[in-house]
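These are my notebook entries on a two-part question: how each chain is built, and how the chains meet. I took the entries in the order in which I looked things up.

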Amino acid sequence: MAEHRTDAHIPTVIADELHIVYRVNGAKTGKGSATAALSRIMKRGEERGVRKVHAVRGVSFVAYRGEAIGLIGSNGSGKSTLLRAIAGLLPPEKGKVYTDGQPSLLGVNAALMNDLTGERNVILGGLAMGMTREQIKERYQEIVDFSGINEKGDFITLPMRTYSSGMAARLRFSIAAAKDHDVLMIDEALATGDRKFQKRSEERIRELRKEAGTVFLVSHNNKSIRDTCNRVLWLERGELRMDGPTDEVLKEYEKFTGK
Amino acid sequence: MSAPPSPDEGLTAAQLAAKYGLSVSGARPSLFEYVRQLWDRRHFILAFSRAKLTAQYSQAKLGQLWQVATPLLNAAVYFFIFGLILKADRGMDREVYIPFLVTGVFVFTFTQSSVMAGVRAISGNLGLVRALHFPRASLPISFALQQLQQLLFSMIVLFVVAVGFGSYPRLSWLLIVPALVLQFLFNTGLAMIMARAGAKTPDLAQLMPFVMRTWMYASGVMFSIPIMLKDRPEWIATVLQWNPAAIYMDLMRFALIDGYGSENLPDHVWAAALGWALLFAVGGFVYFWKAEERYGRG
């Protein structure tokens, strides 16, 4: 981490005793029948039929400019939830997140529509990420070329539902990666498309990293964490189990997972 | 824990954040700032509404032709039931009643579908809310805008029906524009109120169809309120006529139909239309904004 000290140690993200709780309707344990639901309604008590999932429990850390931070942990340990909370997309139950500028999650999947052509999805996705029409027009060709969608014919003018899952994933990544970010968060985005596209996307992420102030990367691939990150947060059951230089944390994590 | 040592040792998180000018992530912006952010997203709002509209019929063989065919079939069904079977046209000529009925159905459907889309604007798009940053009011506004575009397609049918029954284009048709603008404002405000309520209680999506149907029958979509209620106490008809849905329907009929004169409208009808529009647009917007930072918790 020593080489980053030169950046005067400016914090970009501060998480302070962060708790995130999901509320799930209709998932209360017990019989799922209508009568059971009715009897639950009749019973007094707060928040009937609502089950709470405590996904992140009291996580605190400070991230600095120039850091690339990996988030590791087993499935369901709260990594993606923590990312969304940092981005301000999930309101915290308790605690606070302070950020410099607007952190953004790499991904536009939710804004795209399968019934629209690839062409319109590029525009819609760009607008959803907050790009202006001019910026999109400027980058349009770049996005299409990068996705490689048109290598096998004029697919960009077909609806996205006609794409193979690999093609759709490539277009999604290409749209998402078209914007520059201050604080960039990547959620296992490396594993899309075929081998050739994976290499291309890894390169693009390295570029984005250079431009971004701070990068967060969620991945189950220890190699890609080792390649890109200089600091690792290890989450387990929503708690921060370890926070430190990549090698130290990964060594402990591999011991824990029995690799 | 091996957090790197720093000269800021000993500061609390809040002090550290203040020192470097960091702000709370996902905090609600001021009302003025919120309006500015929304304005910045106007292209997204428009593109999103148009994309939704196109996606609706993209799998059908006739494609976008359904934009016009759906309202046409709707009008035909209502004409068949209320015009031919129930004969609800009491006291009205056929030349007035048919356009009267079709206008009522289209104008009310505009409000109805805005409300239904509003209820699901946040709760049906949690994936989007949890993935990207944008002022959340973009969603209900975008859905209301989608319904407005849908209505513009219906207007084509409406013009054909009006001309077919002897109401030819004249100067008063220009009044359609302000009437639509006011109704759109009213609908958007209502959609924002429903969006906040629906985000907290998704069950509203099940309940609202019944509320909307009650509202439809109480607003005189397929009958004239003053004629139908002339044996009842006068205040009932007055209340029903002043309800926003009835006001916007009546304005559109007055503008469009030759034989539907101002004697059918309550007094100060334009003032009422403006009042409802402003009350709901401003009130709904502020009400929606107040919970901005909480959408997405689910």
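**Entry 1: chain B overall**

I began with the contacts within chain B: of those between residues at least 6 apart in sequence, 81% join residues at least 24 apart. I noted that the model is predicted.

I then listed the secondary structure of chain B and found 13 helices and one strand. Reading along the sequence, I wrote the pattern down as α-β-α-α-α-α-α-α-α-α-α-α-α-α.

**Entry 2**

I turned to chain A and traced an open sheet of six strands. Its order is 5-6-7-3-8-9, and the pairing is mixed. I recorded strand 5 (104–105) and strand 9 (239–245) of chain A as the edge strands, since each pairs on one side only.

Within this sheet I examined one pair in detail. Strand 6 (residues 183–187) and strand 7 (residues 214–218) of chain A run parallel and are joined by five bridges. In this pair, A:V183 stands opposite A:T214 of strand 7.

I next asked which strands helix 8 (residues 246–257) of chain A lies across. I found strand 3 (68–72), strand 8 (231–236) and strand 9 of chain A. The helix runs at about 135° to strand 9 of chain A.

**Entry 3: where the chains meet**

I looked up the contacts between the chains: 45 residues of chain A are in contact with 36 residues of chain B. On the chain A side, the elements that give two or more residues are strand 1 (11–25), helix 2 (79–86), strand 4 (94–99), strand 5, helix 3 (118–128) and strand 9. Strand 1 of chain A gives the most, with six residues. I sorted the residues of this side into 26 nonpolar, ten polar and nine charged.

**Entry 4: strand pairing across the chains**

Lastly, I checked how strand 4 of chain A is joined to chain B. Two bridges link strand 4 of chain A to strand 1 (residues 23–24) of chain B, and these strands run antiparallel. Here A:Y98 stands opposite B:V24. As a reminder to myself, strands of a sheet pair through backbone hydrogen bonds, in either parallel or antiparallel fashion.

Note on methods. Residues are numbered from 1 along each chain as its sequence is written. Chains are lettered from A and ligands numbered from 1 in the order in which they are written. This is a predicted model: local features need pLDDT of at least 70, side-chain atom pairs count only at pLDDT 80 or more; totals for chains, interfaces and linings use all residues. Two strands pair if DSSP finds at least two bridges between them. Helices (H or I, at least four residues) and strands (E, at least two) are DSSP runs, numbered from the N terminus. Two residues are in contact if their C-beta atoms, placed from the backbone, lie within 7 Å. Axes are lines fitted to C-alpha atoms, for helices over the stretch in contact, and angles run from 0 to 180 degrees between N-to-C directions. Ala, Val, Leu, Ile, Met, Phe, Trp, Tyr, Cys and Pro count as nonpolar, Asp, Glu, Lys and Arg as charged, and the others, Gly among them, as polar.
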